[in-house]
Amino acid sequence: MEDKIIDESKQGASLTIEAKPNNSRKLYIESYGCQMNFSDSEIVASILADQGYNTTQKLEDADLVLVNTCSIRDKAEQTVRKRLEKYNAVKRINPKMKVGVLGCMAERLKEKFLDEEKIVDMVVGPDAYKDIPNLLKEVEDGRDAVNVLLSKDETYGDVSPVRLNTNGINALVSITRGCDNMCTFCVVPFTRGRERSRDPKSILEEVHDLASKGYKEITLLGQNVDSYLWYGGGLKKEFKNASEMEKATATSFSNLLAMVAEAQPKMRIRFSTSNPQDMTEDVLHTMAKYPNICDYIHLPFQSGSTRILKEMNRQHTREEYMQLIDKILEIIPGCGISQDIITGFPTETEEDHQDTLSLMEYVQFYFGYMFKYSERPGTMAARKLEDDISEETKKRRLTEIVDAQRGHSASRTKQCLGKIMEVLIERESKKSDGDWSGRNQQSLVVVFPKENYQPGDFVMVKITDCTSATLIGEAVGYSKNQ
Ligand code: 5AD
Ligand code: SF4
């Protein structure tokens, strides 16, 4: 089983509760992949709300069907292909329905999509969403429409997202787009282009707007948040040519975190994803300083073998990763840390695999996202290295990794027994309508009887029981943050 510990329950169709009463057309939008894609779909829904579209959760009712796609692994692309078959069946009954493909797979396959998937009318890459109104006109005139241009400066900072599938409590706020790291396994630099940062002013405006609408927790999003850099110019790499003034007034990720935490001290702040090679100590000090920044870091390490890390073009060694973990725990004791791991990267030996397991043992991650290597066309690894680890070996190594993680998760949850911790209530528990489900600062799910508490409340919960993935407890009162 792949990526067992991922909560994929949210993947799929989205509905907004902010429908515009005068809009008569219906948009059905489905999202796959990372949080960034979900955040992008909210931008697309906003652009289309101005074109007369409200969202629907019924595919059959849609005038326009959009699927926001992921290319990270072959499996993600196969899921989308299956969905396109389903749309095709509906289109046979309702030929007026238009179908558009957005996101990373659109970027990767470009015009080819129109030939391969006859039912697709429109192909739009991640930086071209503002062009959708024009592209729709083309489609209405009976022409296929494609825009897959990548941009050096598009951040959608001026688009106010329409919140999809929202519980009114947690929201995603995008802060950077693209990635410049060029890990050899990864398709993202090809599908999402150069890394660029969003103006902190527009980030703060969005955060204030969310607070005024009652949201309680935001996640600052980027492929690599640690390299956030705003100096009024464009790309981070051009910063060296910036004026003295721009350099003196630049905003780093740690500055941005502090600004957001101070602007909304009652809101919980999270961020994702961190990169070991770019994470700086001042980010850790900022996290320690502001109680509303959650003590939690998602810190992918991919492999515990320095040799494999080098093949992956990661700019850190096993030892540097371990030192970073030590530093995190020194500055933020009790910080929750989660991982991403790829197993079966080309040339990975049993010894390399053991290095991954022993690094996991050292860190004892709270949870993680674990994957078999999937060769992606066009990446450096696909061009230079043979995908030489058999499916059987990949499967076996993944099982060993997932089992190890399950053990570490279980010991992390056990450590919480008897403790009282702050939980933000997010929704009803999936298993029992008498219980709330929320998360603690370390991002562990906590379930407890509802009593008179409400979603969005910050509650102190005493942990009385646990599984490897969930804490179970009872409320002992409101948090002082409430
Ligand atoms: N094969 C398998 N997993 C991958 N990831 C990225 N590219 C690949 C690939 N080619 C994983 C990494 C990354 C996460 C988002 O997806 O672990 O951190
Ligand atoms: Fe998938 Fe990566 Fe694109 Fe996100 S950025 S949708 S994870 S390929």
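How do the axes of H9 and helix H10 (residues 281-289) cross, and within what distance do they come? I would like to start there, with the reminder that this is a predicted model. The two axes come within 8 Å, and the angle at which H9 and H10 cross is roughly 15 degrees. Since angles under 35 degrees count as roughly parallel, H9 and H10 are therefore roughly parallel to each other, and their crossing is right-handed. On the H9 side the contact is made by Phe253, Ser254, Leu257 and Ala258, and on the H10 side by Asp282, Val283, Thr286 and Met287. By class, those residues divide into five nonpolar, two polar and one charged.

Staying with H9, let me turn to its other neighbour in this talk. Helix H7 (residues 200-212) and helix H9 (residues 253-263) have axes that come within 10 Å and cross at roughly 30 degrees, which makes H7 roughly parallel to H9. The crossing of H7 past H9 is right-handed. Here Pro200, Ile203, Leu204, Val207 and His208 of H7 meet Leu256, Met259, Val260 and Ala263 of H9, and this contact has eight nonpolar residues, one polar residue and no charged residues.

The next pair is of another composition. Helix H13 (residues 350-363) packs with helix H15 (residues 391-414) at an angle of about 10 degrees, the axes being 10 Å apart, and that makes H13 roughly parallel to H15. From H13 the contact takes Glu350, His353, Thr356, Leu357, Met360, Glu361 and Val363, while the residues from H15 include Arg396, Arg397, Glu400 and Arg412. Counted by class, the contact of H13 with H15 has five nonpolar, five polar and six charged residues.

Now to the whole chain, for which the domain assignment gives domain 1 (5-147), domain 2 (170-414) and domain 3 (420-478). Between the centres of domain 1 and domain 3, taken over C-alpha atoms, the separation is 35 Å.

Terms used. Residues are numbered from 1 along each chain as its sequence is written. Chains are lettered from A and ligands numbered from 1 in the order in which they are written. This is a predicted model: local features need pLDDT of at least 70, side-chain atom pairs count only at pLDDT 80 or more; totals for chains, interfaces and linings use all residues. Side-chain values use heavy atoms; hydrogens and water are left out. Axes are lines fitted to C-alpha atoms, for helices over the stretch in contact, and angles run from 0 to 180 degrees between N-to-C directions. Helices (H or I, at least four residues) and strands (E, at least two) are DSSP runs, numbered from the N terminus. Angles under 35 degrees count as roughly parallel, over 145 as roughly antiparallel, 65 to 115 as roughly perpendicular and the rest as oblique. A crossing is left-handed if the near helix is turned anticlockwise from the far one by less than a right angle, and right-handed if clockwise. Contact means heavy atoms within 4.5 Å. Ala, Val, Leu, Ile, Met, Phe, Trp, Tyr, Cys and Pro count as nonpolar, Asp, Glu, Lys and Arg as charged, and the others, Gly among them, as polar. Domain bounds come from an automatic or database domain assignment.
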